[in-house]
Amino acid sequence: MTLTAKPAAARPAPNADPPPAASAHPARRRTPKTWIRGGGLWNLAFLAPMLIVFGVFSWSPIVQSVVMSFQRTNLVSTPEWVGIDNFVNVLSDPNLGVAIANTLYFAVLALILGFPLPLILAVMMSEVRRGKGLYSALAYLPVVIPPVVAVLLWKVFYNASPDGVFNTILGWFGISPQPWLQSAATAMPSLVIEATWAAAGGSIIIYLAALISVPPELYDAAEVDGAGIWRKLWHVTLPQLRGVLFIMLILQVIATSQVFLEPFLFTGGGPNNATLTILLLIYRYAFQNSLGGDYGEATALSLMLAIFLGLLSWLYFKLTERWSTN
């Protein structure tokens with residue numbers, strides 16, 4: 001007779017956690033009554049003023065602009081619904097291509113000059129042992145000056161006569177006077193120099209704040225390896241500031257795409273439309289005569305610019321999502 005051994009019953013491991021017990025109180029469904037009991041009305045009352053202000057002063061103008069882009073109006077006469085005619089007129093305007101090219105030219109020059117310069121100055125200021133607060137205040141001083149005052153002041157500096165401030169300084173080095181704003185070749189670079197001077201202070205402060213978060217041990221290790229300031233900048237600072245750099249880059253692209261103050265006050269778009277930008281063209285559409293221009297075409301171009309910048313920002317963040325975090 002053959003005896004078959006019964007398998008031993010499985011024993012729980014000595015350190016095994018007991019199976020989770022079923023919840024005695026299942027999750028309750030969220031109903032309006034439970035929302036009110038939970039203080040929902042008080043939260044809504046607290047947020048109501050902000051929501052009203054945001055809706056009236058932010059979303060309401062946006063909705064009105066979208067509606068106005070399909071109308072022909074100067075805000076005086078009765079609006080006339082024209083459909084997509086405003087978009088067709090804007091796209092067929094020969095000045096649109098000039099404005100786009102000039103805006104792109106300004107953006108490229110501003111990125112070449114204005115993007116690396118604040119970072120370099122911030123790194124140099126972070127290496128200073130004494131007087132760092134004074135240097136930070138001096139760097140931020142152009143931001144404190146009202147933009148219109150700064151532009152009018154620089155307009156005096158850009159005087160094309162030999163007695164002009166900048167031409168006098170160039171004369172000390174034997175350089176002939178420059179036409180600055182009076183020449184189509186030098187007008188846009190002149191605007192970029194002033195815009196870089198006016199906006200660099202804010203970027204420098206942001207970079208100085210970001211540099212504080214870089215671990216000092218990385219710089220110590222780089223110094224042990226014999227790295228100088230430029231190698232530390234390339235191999236330590238830039239990788240640690242990747243996220244900030246990507247944000248600052250897209251913000252500068254958006255800002256340069258909407259440049260208006262400098263071409264409007266310096267040259268009015270001249271000479272020969274050499275500094276005509278997209279926002280200045282929008283201004284001409286809206287205020288081209290004393291009774292008001294065609295606000296429909298102005299808002300149509302504004303809407304197209306907003307859509308383009310929105311798509312550009314979305315594409316930029318999609319492409320740099322991995323680079324900015326790894």
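Thr320 lies in helix α15, which spans residues 295-320; helices here are DSSP runs of H or I with at least four residues, strands are E runs of at least two, and both are numbered from the N terminus. The structure is a predicted model, in which local features need pLDDT of at least 70 and side-chain atom pairs count only at pLDDT 80 or more, while totals for chains, interfaces and linings use all residues. Residues are numbered from 1 along each chain as its sequence is written, and side-chain values use heavy atoms, with hydrogens and water left out.

Thr320 is buried, with a relative accessible area of 6%. Buried denotes under 20% relative accessible area, exposed over 50%, and partly exposed the range in between (1.4 Å probe, protein chains only). The side chain of Thr320 reaches the backbone oxygen of Tyr316 at 2.7 Å.

The protein chain contains 15 helices and two strands. Of its 326 residues, 33% count as buried. Among contacts (heavy atoms within 4.5 Å) with a separation of 6 or more, 63% join residues 24 or more positions apart.

The largest nonpolar core comprises 20 residues, and Tyr207, Leu211 and Leu241 have the most contacts inside it. Such a core is a set of buried Ala, Val, Leu, Ile, Met, Phe, Trp, Tyr and Cys residues joined through side-chain atoms within 4.5 Å. Helix α9 gives the most to this core, with five residues.

Tyr219 is found in helix α10 and is buried, with a relative accessible area of 17%. Tyr219 and Leu233 are 14 residues apart in sequence and 9.4 Å apart in space, C-alpha to C-alpha.

The largest pocket has a volume of about 620 Å³. Of the 29 residues that line this pocket, Ala195, Ala198, Ala199, Ala200 and Ala255 are the closest to its centre. On a 1 Å grid over the protein atoms alone, a pocket is an open set of points where a 1.4 Å probe fits, with protein on both sides within 12 Å along at least five of seven lines; lining residues have an atom within 4 Å of a point. Grid points are joined across faces, edges and corners, and the volume is the space filled by probe spheres set on them. Helix α9 gives the most to the lining of the largest pocket, with 10 residues. The lining residues divide into 21 nonpolar, six polar and two charged; Ala, Val, Leu, Ile, Met, Phe, Trp, Tyr, Cys and Pro count as nonpolar, Asp, Glu, Lys and Arg as charged, and the others, Gly among them, as polar.

Technical notes. Polar contact = N/O pair within 3.5 Å; in protein donor to acceptor, adjacent residues only side chain to side chain.
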